[in-house]
Amino acid sequence: MVILLMIALTLYLGGAFYSIYTFATKSNRAVGPARKLALIIGLGFVAHSAAMAMAWREAGYFPVVNPKEVSAFIGWAIAGYYLAMSRRYHTRALPAFILPLVYLFTLVSMLMPEPVDAMPRGLESAISASPLTQIIFPFHVTLVIASYAAFAVTCVCGVMYLIQERELKAKRFGAGFERLPALNTCDEIGYRSVTIGFVLLTLGIVTGIFWNNQRDGRYWHNDPKEVMALITWIVYLFPIHYRLTAGWRGRRAAWMSIAGFAVVIMTWLGARALGGYHVFG
Amino acid sequence: MGIVLIGTSHKTAPVEVRERLAFAESRLADALRELVDREMINEGLIVSTCNRVELIAATPNGAGQPDGAVSRLNDFLIRFHQCDQSLLQKHCYYLAGQAAIKHVFRVTSSLDSMVVGEPQITGQIKEAFQRAQEAAVVGHELTRLMNRAFAVAKRVRNETGIGSSAVSISFVAVELARKVFEELKGSAVMLLGAGEMAELAAKHLLNYGANRLLIVNRTFENAVALASELKGEPVPFEEFEKRLPEAEILICSTGAPSYLIHPGHVRGALERRRNRPMLLIDISVPRNIDPAIGRLDNAFLFDVDDLESIAEANRAERKREALRAEEIIEAETEQFIRALDEGDLNAVIGAFRQHISEMAFSEFERSRKRLGDLSEDQEQALRVMINAIVNKFTHPVIKQLRDSEDGHSPYISAWRDLYHRDPHD
C-alpha cells in the first residue's frame, strides 16, 4: 500500500513538474502535452485509488477519518477533478496551478505521523450508530471533499483571471499573457467548477444532517464545523445567485471564488481549532 | 550529387531588379524544363515571389565541382531574362553545398523574410515545389532536401515563438480579442467609421471566426457601401447605441475631433450584455473613445498607441526568437549533411559488396555443372564458403571507407567513381 502511494506521489510530482515545464516554455494552445500529462496523472490516480481501496479493506471502514487520510483524499479528489476536466479543456496553465496542489496534499499526508488512534473516538460510535449511518459516512465525506476540490479549481481560475485581467487593463504584457488562458475561459471553467462544487457541498451538508438525525434524532447541533459549512454554502450561493440574476461575472466573480476558498480552508482547519464534536476531517 | 543555388531577394536587390528576374506563373513550367538539362543540372526548382527569386538545383553524380553548375544557373538566368551579367553579379548570391542547404532551410523557415516569421513564404515554397513536381524536374535529391526544409520550418514554428505574436496593429487586435474571448466564433464585431487599418482589423477578426460585422457610419450610404464590400450589415448612426450591446468587439476609426463614445454608452451596453466582456479598439486620432471607459469592469479599451507598443514588443520578441531559430537551422544543416554523406557512403559500400558477391556467385554457377551431383548440404556449404570469401575480401576496404567517415577523403571519391549508381540511371 505504501508502495502504491509512493508510486502515485512520484507520478503526481512528475506531472506537476511536466505541467510547469510546458507552461513555462510554450504558449497556451497545444494538445499533445496535455494528453501525456493526463496519462501521467491518470496512472498516479489509479495507483492512489488502489492504495485507498486496499486501506479500506484492511480497516473495514471508509478510511478517511483523520487529517492524514483527509489530506491524501483531497489530493486524490483534485486529481480526479483535473482528469475529468482535462478531456474538455486543453489549457496548459490550469494543470500547472492545480497539479502542485495534488502533489502537496498527498505529500503532506505522507509526511504526517501515523495517528495514535487511526479512528477518532467520537467518530467510531457515530459511524456505527445504525446500519444506515455506516452507508452514509463514505458518501458524506466524499461529497464534501469533492466539493473542496472543485472549489480549489474555482479559486485557481479566479487567480488566473485576475492576473490576466490585470495585464490587459495595464496594457503591459508580462510572462503570463502568452501562457494563461483567455478571460472567458478562466471565467467559464471557474463558473462550472463553482456550480459543481456547490451541488456537491449541498448534498454533503444534506447527508450530514441526515446522519445527525440517524445518530441522535437532532438535525443540527450548532457545532463550529456545521456553522462554518453553512457559511461556506452561503458564500458560494452569492456568486451563483448573482450571476444568474444580475450577470455578475469577471473580476467580481474571481474575487468571490478566492474569498470562498479561504472560507473553505477555514472550515477545514479552523473548525478543528474551535473544537466541537465534529473534529475529525 | 550536390545542391547549388542562385538567388536574389529584398536584401540584395531593389524591386526593379527583382521584378526583372521574376518568373511569371505562365512561363514557369517552360523555365523549369529549360533549366534542367540533365547534364549539369539534374533537378531544379524555381521560387519566385515578390520578395525573392531563388533557383535551387541538384547536380548529377560525377558532375565535378559545383562551380560549373552554378555558372550554368547563371547563364540560364541571363538567357531566360535577357539581362546582363553585371546585373546578376551585383544583385545575386551564388551558393553551393552546405551554404546552399542552409539558405534553403532559412528561407523556408521564414528567417530571411522581410517580416521575419511571416508564414506565407513556407506555403509559397511548397507551391513552387509542387510546380516543379508537376513539370517532372525534381527527383530524389531535391525531394529529400525540400521535405527536410519543410520539416525544419515546422520545427522552427513549433519550438520558437517566431510566428506566435502579432507584429502589425491589425493583428494585435485579433490577438487581444483571443485573449479576452478565446474563440471568436459566434461573436460580433462593430465597426464605427472607416479607415484602412480598422477595415483590415475587422477582416482579420472575421477570418478568425467572428460571425457578424455591424458597420456604423455617419453617412449611411458609406456604411452600405462598406457593408456590401465586407459582407457586413449597415447600421444607421442613430441606432448605434441601441445596437452596441450586440457587439463583443468595437473598432472605432472616425475623423471626429472629440470623444464619441462615453462611459455611459458602454456601461449601458455592459448592463444589457449582463457583463459579458467587451473589447474596444480605438484607432482614431484624435481618440473617439473616452479613456475613462478603460476603467470599467469587463470593458477592455486599447488605443492606437497601445496597439503599436504591443506590436513593437512583439517585434523585439521575434528578434530574440529568431536567434533560437538560427541555432535550430545550424544543427539541422549539419545533420542533413551528415545523413547525406552517410547515405552516400552506404550506397557506395552496398554497390561494392553487391558487385563482388555477384561476381563470385556467377563464377560458382559457371563451374556448378562440372561439379556433378551435390547433396543439398554440400551445395549449402559451398554457398556459405563463397559468402565468407566475399566478406573477408571486402572487409578491409569497407573498414577503410568507414574510418574515413568525413565523406570527402580521396578513398571515397575513388570508390564512388567506381561504384556509385545514381538512382535515376
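Predicted model: local features only at pLDDT ≥ 70, side-chain atom pairs only at ≥ 80, totals over all residues.
In which hand, left or right, does helix 3 of chain A cross helix 4 of chain A?

**View 1. Helix 3 and helix 4 of chain A pass each other in a left-handed crossing.** Here you are looking at residues 67–86 (helix 3) and residues 93–111 (helix 4) of chain A, whose axes come within 7 Å and cross at roughly 155°. Because angles over 145 degrees count as roughly antiparallel, helix 3 of chain A is roughly antiparallel to helix 4 of chain A. From helix 3 of chain A, the contact draws on K68(A), S71(A), A72(A), I74(A), G75(A), I78(A), A79(A) and Y82(A). Helix 4 of chain A answers with P95(A), I98(A), L99(A), L101(A), V102(A), F105(A), T106(A), V108(A) and S109(A). Sorted by class, the residues of this contact are 12 nonpolar, four polar and one charged.

**View 2. An open sheet of six strands in chain B.** Follow the strands in the order 7-6-5-8-9-10 and you will find parallel pairing. Strand 7 (233–236) and strand 10 (299–303) of chain B stand at the edges with a single partner strand each, so one side of each has no neighbour in the sheet. On average, and with direction ignored, neighbouring strands are turned by 20° against each other.

View 3. Look for L191(B), which stands opposite I251(B) of strand 8 of chain B.

**View 4. Where chain A meets chain B.** This close-up shows 16 residues of chain A in contact with 18 residues of chain B. On the side of chain A that touches chain B, helix 6 (131–170) and helix 8 (183–216) of chain A each supply at least two residues. Helix 8 of chain A gives the most, with three residues. By class, this side of chain A has seven nonpolar, five polar and four charged residues.

**View 5. The domains of chain B.** The domain assignment gives domain 1 (2–159), domain 2 (169–312) and domain 3 (338–419) of chain B. Taken over C-alpha atoms, the centres of domain 1 and domain 2 of chain B are separated by 44 Å.

Conventions. Residues numbered from 1 in each chain as written. Chains lettered and ligands numbered in written order. Axes fitted to C-alpha atoms, helices over the stretch in contact; angles between N-to-C directions. Helix = DSSP H or I, 4+ residues; strand = E, 2+ residues; numbered from the N terminus. Parallel < 35°, antiparallel > 145°, perpendicular 65-115°, else oblique. Left-handed = near helix turned anticlockwise from the far one by under 90°. Contact = placed C-beta atoms within 7 Å. Nonpolar A, V, L, I, M, F, W, Y, C, P; charged D, E, K, R; others polar. Pairing = 2+ DSSP bridges. Domains from an automatic or database assignment.
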